Amino acid sequence: MTCKFRLVFISILMSAAVLVASSPQKVVQTLEQVLRRDITNPKGSNGLYLRIVPDSPEETAKGKLQLVEIESKPARIRNIFLRELKAKAVEPVIDVAALSERGKLRTISVKESTLEGVMDADNFERMLAELKATKDMRIKVQITDDGKLILRGVLTLLRINNPFEAVCRPEVRDNCLYLHIEELRVNGVTAPNFLVSRLEKHINPVVEPKDLPFNPPIKSVRIHQGLIYLNTSPSKSASRD
């Protein structure tokens with residue numbers, strides 16, 4: 001009897017703990033903490049605008065919210081640096097267990113997830129310095145007037161370890177940001193196609209929906225006046241001026 005009583009008692013405690021952990025107030029509070037940890041304003045915490053609109057208490061406890069809005073100038077999302085960020089998630093459903101137990105934002109579903117991001121050459125350069133695939137290449141970034149990126153650094157693939165220059169055009173594939181290499185020179189010599197392909201596969205995709213809050217699909221990228229614009233809305237023009 002004593003053993004059965006202990007099992008029942010432990011079961012009651014565990015159930016109570018789950019209920020407390022998934023209370024609507026706790027879900028909102030933990031979500032805000034996680035978002036403020038993963039998304040920061042380098043100029044100070046007061047520069048990050050965050051608005052969380054809960055659903056009914058019952059639905060919120062399950063991880064469903066009405067709205068989440070995020071704005072910051074500038075912004076850092078883990079390894080992604082932006083001059084400007086605007087993001088919105090309409091009716092997102094998040095994994096409460098992952099949020100409360102591991103401090104991880106996992107989006108189960110979302111009615112609409114939008115993002116507008118602006119990057120300059122320094123932002124892109126800092127991002128490449130943080131990413132695992134490119135952090136050892138010491139890449140410097142130049143944005144040209146005709147909408148291209150020039151990357152200069154040290155090519156570390158295949159034990160080459162020589163200076164390189166790559167002329168790239170940003171493009172969207174499979175809801176991700178990719179860099180298409182139009183020209184690659186290593187030690188001033190035009191590189192063979194297999195090396196161009198190898199480098200593209202190594203660095204891409206540069207930004208994926210999973211890297212961003214609430215998994216917004218990237219639909220367009222354009223360069224204008226030295227800035228890179230990422231958007232979840234399709235480009236209104238085929239031009240990338």
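## The model and its elements

This is a predicted model, in which local features need pLDDT of at least 70, side-chain atom pairs count only at pLDDT 80 or more, and totals for chains, interfaces and linings use all residues. Residues are numbered from 1 along each chain as its sequence is written, and side-chain values use heavy atoms, with hydrogens and water left out.

The chain holds 6 helices and 14 strands, where helices (H or I, at least four residues) and strands (E, at least two) are DSSP runs numbered from the N terminus. Buried residues make up 42% of the 241 residues in the chain; buried here means under 20% relative accessible area, exposed means over 50%, and partly exposed lies in between, with a 1.4 Å probe and protein chains only. The chain exposes about 13700 Å², of which carbon and sulfur atoms supply 50%, and accessible areas come from the Shrake-Rupley method with a 1.4 Å probe, where for residues only the protein chains shown count as cover.

Five strands, in the order 8-9-10-11-12, form an open sheet with antiparallel pairing. At its edges lie strand 8 (140-143) and strand 12 (189-190), each of which pairs on one side only. Two strands are said to pair if DSSP finds at least two bridges between them, and between strand 9 (residues 149-155) and strand 10 (residues 162-173), which run antiparallel, there are 7 bridges. Leu155, for instance, has Asn162 of strand 10 as its bridge partner. In general, the strands of a sheet pair through backbone hydrogen bonds, either parallel or antiparallel.

Two helices lie across strands of this sheet. Helix 5 (residues 121-130) lies across strand 8, strand 9 and strand 11 (176-186), and runs at about 150 degrees to strand 8. Helix 6 (residues 193-203) lies across strand 9, strand 10 and strand 11, and runs at about 145 degrees to strand 11. For such angles, axes are lines fitted to C-alpha atoms, for helices over the stretch in contact, and the angles run from 0 to 180 degrees between N-to-C directions.

## The nonpolar core and its contacts

A nonpolar core is a set of buried Ala, Val, Leu, Ile, Met, Phe, Trp, Tyr and Cys residues joined through side-chain atoms within 4.5 Å. The largest one has 59 residues, and those touching the most other members are Val68, Phe124, Leu149, Leu151, Phe164 and Leu184. With residues up to four places away in sequence not counted, Phe124 touches Met119, Val141, Leu149, Leu177, Leu179, Val206 and Ile228, a contact being heavy atoms within 4.5 Å. Among contacts in the chain between residues at least 6 apart in sequence, 51% join residues at least 24 apart.

Leu99 belongs to helix 4 (residues 96-102) and counts as buried because its relative accessible area is 2%; beyond four places in sequence, its contacts are Val27, Thr30, Leu31, Val34, Ile94 and Lys104. Leu227 lies in strand 14 (residues 227-231) and is buried, with a relative accessible area of 15%, while its C-alpha atom is separated by 9.0 Å from that of Gly147, 80 residues apart along the chain.

A disulfide is a covalent bond between the sulfur atoms of two cysteines. Taking a disulfide as a pair of cysteine sulfur atoms within 2.5 Å, a search of the whole structure finds 0 disulfides. Cys168 counts as buried at 0% relative accessibility, and Cys176 also counts as buried, at 8%.

Another cis peptide bond joins Asn204 and Pro205, with omega about -10 degrees, and Pro205 lies in the loop between helix 6 and strand 13 (220-224). Phe214 is found in the loop between helix 6 and strand 13, where its phi is near 65 degrees, a positive value in a residue other than glycine; Phe214 is buried, with a relative accessible area of 3%. Leu158, in the loop between strand 9 and strand 10, also has a positive phi, of about 55 degrees, although it is not a glycine, but Leu158 is partly exposed, with a relative accessible area of 44%.
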